[in-house]
Amino acid sequence: MITNIGLMLLLPLAAVILMPWVSRLHRRAADVLAALAGLGLVGLCLRFIPLRGETLTLRVLNTQFSVDGLSLLFLVVVNVVAFFCILYSIDYMNHYDGRGKFYALLLLMVLGLNGVLLVRDLFSLYVYLEIVSIASYVLVAFGLKWDGIESALKYLLLSVVATGLILVGLGIMYLNLGTLEFAELKLLLAAGSGPNTVFLLAAALFIAGFGLKAAIMPFHAWLPDAHPSAPAPISAMLSGVVIKVAGVYALTRLFFDIYPSPARVLNVFLILGVASMIGGALIAYFQSDIKRMFAYSSISQIGYILIGLGLGNPLGLIGALFHVLNHALFKSLLFLNSGALQYRTHTRDMNEMGGLEHRMRVTGITSIFGTLSIAGVPPFNGFWSKLFIILGALAAKQYVVAVLAIFLSVFTLGYFLLMQRRVFFGKLNLKWQDLKEVPLTMSLAMIFLAAQCLLVGIFFNEVLRYLVEPAAAILLGGK
Amino acid sequence: MDMQTTVLLVIGVPLLGSLLIPLLGWFKLPKVTGYVCVALIGAAHVLSWTLLGPALGGITTHWSKPLYEWASFSLTFDALAAFMAFTASLIATLIAIYSLGYIEHGEDEPEYYFVVTLFLGAMMGLVFSSNLLFLYLFWEISALACWRLIGYFREPDYIWKADKAFLVTFGGAVFMLLGFALVFAQYGTFELAELRGQEIGPVALLLILLGVFSKSATVPLHTWLPDAGVAPSTITSLLHAAILVKIGLYGFARMFANGMVIPPAWETGILIAALVSAFVSACAALRETNIKRMLAYSTVSQIGYTFLGLAAFTHFGYIGALLYIMAHGLAKGGLFLCAGIIEHGTHTKDMTKMGGLIQKMPITAFCYIVCALSIAGIPPMAGFFSKYFVISGLVEGGHTYIAGLAILTAVVTLLYMLKSFHVIFMGAPRGESHHEGSPVMVGVVAVLAVLTVIVGALMHLPFELARVADGERLVQVFTFLWR
Amino acid sequence: MNADVLLLLPIIVPLVCAGLILPIFRKRSVAIAWLALLAVVVSAAAFLLVAGGPAVQFAIPWMELFRLEFSLTGWKAFLLFFVFAFQLMTAVYCLGAIRRVAKPLLFLAFVLVAFAAACGVILTDNLLFLLIAWEVFLVALYAVIHSSGDGAEGVAMKALVIGGSSDFLMILGLMLYFAVSGGMAMDAHLPVAQSTASFLSFLLLFLGAGAKAGMFPFHTWIPDAAEVMPAAGFAALPASLEKVLGIYFLFIVSYQMFALNEAARIVMYAFGLITVFVSIVPALVEENLRKVLALTAISPVGFMVAGLATSEVAGMAGALLYMLTHATYKSCMFFAVGQFEEHAGGARLSSLQGIARLLPLSGLGFLLAFTAAVSLPPTGGFIAKDLIFEGVVERGHYLVFLALWIGAILNMAVFCKVIAVLWGRGEDRPVPAAATLTAPVLVLGIGAVLTGWIFTLAAPVFGAVLPVEHAGWIAAVWHLSPLTVASYSIYLFGALLFFAARARAAEPAATFASLRQSPVLGRTLELARQKKFDGYEIGVKVVNWIAELVFRRFERLIDEVADWIIRTGRAFSGALLSAPHDGTYSTYLGWVIVGLAIVAALIFV
């Protein structure tokens, strides 16, 4: 079992290394390798589930890798979404050259993400984060279109700022506390009673830095450019997974596991969360580019997660973590939908579409699943996580936040219905008379993700029991 | 078959069975889907017959399957649930049969039947749910079903109206969910059985009412309902008669009639809101010339009446409200289906462009007037009894002046119902050649009209069921107190 | 068969026949007219079988508190006797007249339904069922008016709206009554003075019942209906059955359900007297015989209401007698008019000049009915009017008496004019008339004369429902007293009035026409003719106005406001949000710095 931890990193690494050779063997060989790697990773992380929150540790060269409830939840999210993105890419990448390089970068990104989740010290975390970032920059620009390159550049430049902020934070921590190991930090911080000023100083930098990675308002500016320009599976990975692992996971690990945050830090989460939730939704409403709209809605949903964290009570935390899982599922689904549209219509402008469900049944129906999930319509998964967050808000007596969260979910439904109306629901735009549904693997990926949205909603109790609660237990510590 | 199985089947057959329909569509059998839909809904209805006996016997049972700490899937069987399941599935079955003649074969056909079946399944689930969360869950499934159905014709404007309906009902419902959450924060449970007799706070009440009123189209949250008239007539019929707007009423009855307690000071407030709703929409119906919008406003008005009965919190008011659900369902279902036949025949919804239709469609005209008189509260049609008992309930509760104003509304109702009949069917024929609907359509409408009269004549049967549904209230409030 | 079943036959048989008529028979109007006659005969036979025996009472279990209670007492049997008489005459008349009805199937089916409902109203002891039977009657009336074809729809709707609205009033009144009296009994003698609620209840029930009988302000549909309905239909329903039922219930309300006080009496008098004058004055100048008869069918209601208001045995007995006499003579007159107008080609008085000479038998029947209409002794009309006067005077309401007296004089004048026209100079060559048409006219005409005698015999029947305080009360009106003198003076003054007016007019039909030119009255009558005072027309206008106001200024406003909020909110937030997203790196970097500062501030401050 412990070796599996190592495999989580080695398997993608091996695939990345093999990819250049394999991709020369046959046009499809790269697809097979990537899919196998993705499937293997899913299998590996699913095998951790029966642990139910127990911590497993692997030490390699003085670096500690371990799986606990929190990591496991994110691991499952990362690898499941990655697998479906790979599956989707098999046909999607027909539009692009260099499919081997694409898979290599994608798997590198997965490697980095897994690394972030497995390591036990802040510096390694930072290193793996950079691996993710580098892979992302290149992938955003993968289409070699001008907008992609420009937004990749913007992404890079702003990420540098984030990295800088994080590094300074790390520096402050290391100078004052002498270690960056989670376990030691935990002990040290717990020993100093009251708010630890050193940590608080670093906290501001961490929140800004990781917040930038997570695209929390007002640190979100790169995201609406970067996510839409990337190839669809990459958008799905970025919006569905990367912002959460790079941002939310790091923040949770820091502010809940390592250092049980005081109320004022939680308040920062709440305020930023509310700002993101409202701001993201409002801007999303005005977009006519379907992927930009999804990108802004990601900001809004990150806001929900942050609110859940900021509430700090069990209901809120469970809600936030559950929403991480759910958002990963439905947002990657939606981005894959948008990819399917772009694949056939070669446009992202919703005003040019219309009535496409008559020609693209699978895309149309799965997009409805995504829409309903993100708006929190039961029995889809988004409902349960939002319910937890709202219950948490009431338990914390944050009534305004609860009302806003409720109102914004109506608003979210509103702009997603707007999307449905422009794109799918309605009379067929005659321009698309001869449109066909996307190829098989793309459809399959969307169908599976859509099914998961529904199944997680229906079997929410099992998901909570095996994935979310063990993770929440870590955040709650002794509480 | 024991009760639990029956109840689960009543819910499961349409809810899960609906998944069969898209499969049939997938396998290129769209023409079968209509019959499958009728079979599934019909099966649910037939099963609901077996529930009537135990319901009349006053049997109440409760099952619960814990899912999460505070979320358990609980079902309650009692007379109220049996009454509602029976009524809704009866009307839905008839409407499904009518659809066979109404819905044209096309690529959207499987979707139509799928969503209709799902819609009824959600209704059945809602009817038997006694956990607030699952009540909400089924509530929203019905909202999303109605979203797809209202936009069935896919005109750009229609889609916007479908979205509006979805947004308003969803919006109201999530605020209701917030109300539930407040109740949960106070009492730590979502189980209605455990909340019985607990007084909820005014804020929670207002939030819950927001959901109830938006779903049941009460002024000022009602405008989506007339707009939803762009849907196929079968769907408007389903929305108005069998399922959607009844959900709010049923929810209110389920939650408050013999459950949570409303702060006493608020009871009159609800009555006034219901009265305003009834009157305003009756006025709107009088001035409206689009037949479906007119009928929709009439629904809003009748819903207001039903709320008056429920919120009077008296024995007869409650019975009247339940009978109202049934009587209005039958009559309004019939009226919308008549409107469907008229629309098919004349290709217009503007009543001022009709006239003299009685010559070409006598059976439709006859059914229309029977149903219209039932809505207006003229015996021997069923609608009279419900209106009578609602007013009786109001007076019983000491709300004499509200009863008086309700009477005024009833007069306006009579006026617009008769006016519509005269404008549509009487006078000189206008426009090109009209024709009577297909036999299956006219047949269903006739069945509804006949049922309206029969239910009126055999009023003691539903009355008995409603009386049993009143349950404990009967013991508590059953006196003619003059307060 | 036992009495219970027999008693239900008058309700069931016509309903079943009506049910058969609609689907089975098509365009065989004479055959269905025979079927209708059969139904009435069977019902009447069943009734006679029961009526001969002892009083019957039984109940069928129904909804919880409401049991379907039926009974037949001597008094009810007496009422039903009249009802069946009208039904039989109508059914016979229909045999000949049905061909002239535009939609015979609809007509006969719903006339039968109306019969069944009328029997139901009288037989039941349960208020809810009474109300239901009554509204069924209304619906039947609606359909019967429709059966006269084009042009009748408006009137049908008017009749149903007025009837339905008054029923709603009655429902509310009943609820209040139950609530105040604490039971479902129809004979609680609840004091009106007890509380506001009891007064309100009385008022609502009074208005509701009065509306059925055709009391002001609910009377306006009757002249309209008279103009369009088949003569048989009008004779059978609004002119006879509905009046009987309305006054019957008014009697129950004002005597059995409530104990009146002075305020209640004043209300009743007010409505009664207004009813008398708003109908009898227009009748003077009306040119259409059907409308004249309809208007003179309204003014007696005023008399009856006034009689009931007295709470005196004499007054109430007078009202009840008047109700039956009136129904008899008025249906006779309408049957006759149905024949007259067929030969004259219309019901305008000017075209009916001398028509009675062409149809002498019907003319004779009309003449007999006339004697009852103007209350000549020994008709029931005479006894009834005198009893009402006696009641009013006994109570000491002399002003009311005076008003009624004037009303009776005008009534006399109107009928004098009608007779003068019908029997006036004209062609003197009788035409053959169908026996089925003439017989009912004659029978009812003779009946109208004999009513006085029948009522004298029926004194014990009235004794069963009224607390007869002194024996021989019917004979009492024959005593020579100032009242009797006043009563006789009516004929004199009425006739004088007519002859005075007649002398100034060229044609008999134009008598009183000069009133049209009189300054105030003429203008008022003209406005009334234009339906400016019609409560229904005004009510519909007001309701439409309110509805328009509510619809445009409130209901539509909701959507408009919502749209406005969405539009402006969208424009505003769009501008607000797009401005900072200018796509430049420096701006975004600025945000990050500001954000960092905010976060730091939040943590440390």
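Let's start with helix 6 of chain C. Of its 29 residues, 28 are buried, so the helix is largely enclosed by the rest of the structure. Keep in mind that this is a predicted model.

Where does helix 6 run? It covers residues 153-181 of chain C. From first C-alpha to last it reaches 41 Å. Just after helix 6, look at Gly182(C). Its phi is positive, about 75 degrees.

Staying in chain C, next come two helices that pack as a pair. Helix 14 is residues 360-373, and helix 16 is residues 398-422. Their axes come within 11 Å and cross at roughly 165 degrees. An angle over 145 degrees counts as roughly antiparallel, so that is what helix 14 is to helix 16. The crossing is left-handed.

Which residues meet there? From helix 14, we have Gly363(C), Phe366(C), Leu367(C), Phe370(C) and Ala373(C). From helix 16, they meet Phe415(C), Ile419(C) and Leu422(C).

Now chain B as a whole. Its secondary structure is 21 helices and two strands. The C-alpha trace spans about 65 × 55 × 40 Å along its principal axes. How does that chain compare with a compact globule? For 483 residues, such a globule would have a radius of gyration near 23 Å; chain B has 21 Å, so the two agree.

Buried residues are 69% of the 483. And take the contacts with a separation of 6 or more: 82% of them join residues 24 or more positions apart.

Conventions
Residues are numbered from 1 along each chain as its sequence is written. Chains are lettered from A and ligands numbered from 1 in the order in which they are written. This is a predicted model: local features need pLDDT of at least 70, side-chain atom pairs count only at pLDDT 80 or more; totals for chains, interfaces and linings use all residues. Helices (H or I, at least four residues) and strands (E, at least two) are DSSP runs, numbered from the N terminus. The radius of gyration is taken over C-alpha atoms; the globule rule is 2.2 Å times the number of residues to the power 0.38. A residue is buried if 20 or more other C-beta atoms lie within 10 Å of its own, exposed if 12 or fewer, and partly exposed in between; C-beta atoms are placed from the backbone. Two residues are in contact if their C-beta atoms, placed from the backbone, lie within 7 Å. The expected span of a helix is 1.5 Å times one less than its number of residues. Axes are lines fitted to C-alpha atoms, for helices over the stretch in contact, and angles run from 0 to 180 degrees between N-to-C directions. Angles under 35 degrees count as roughly parallel, over 145 as roughly antiparallel, 65 to 115 as roughly perpendicular and the rest as oblique. A crossing is left-handed if the near helix is turned anticlockwise from the far one by less than a right angle, and right-handed if clockwise.
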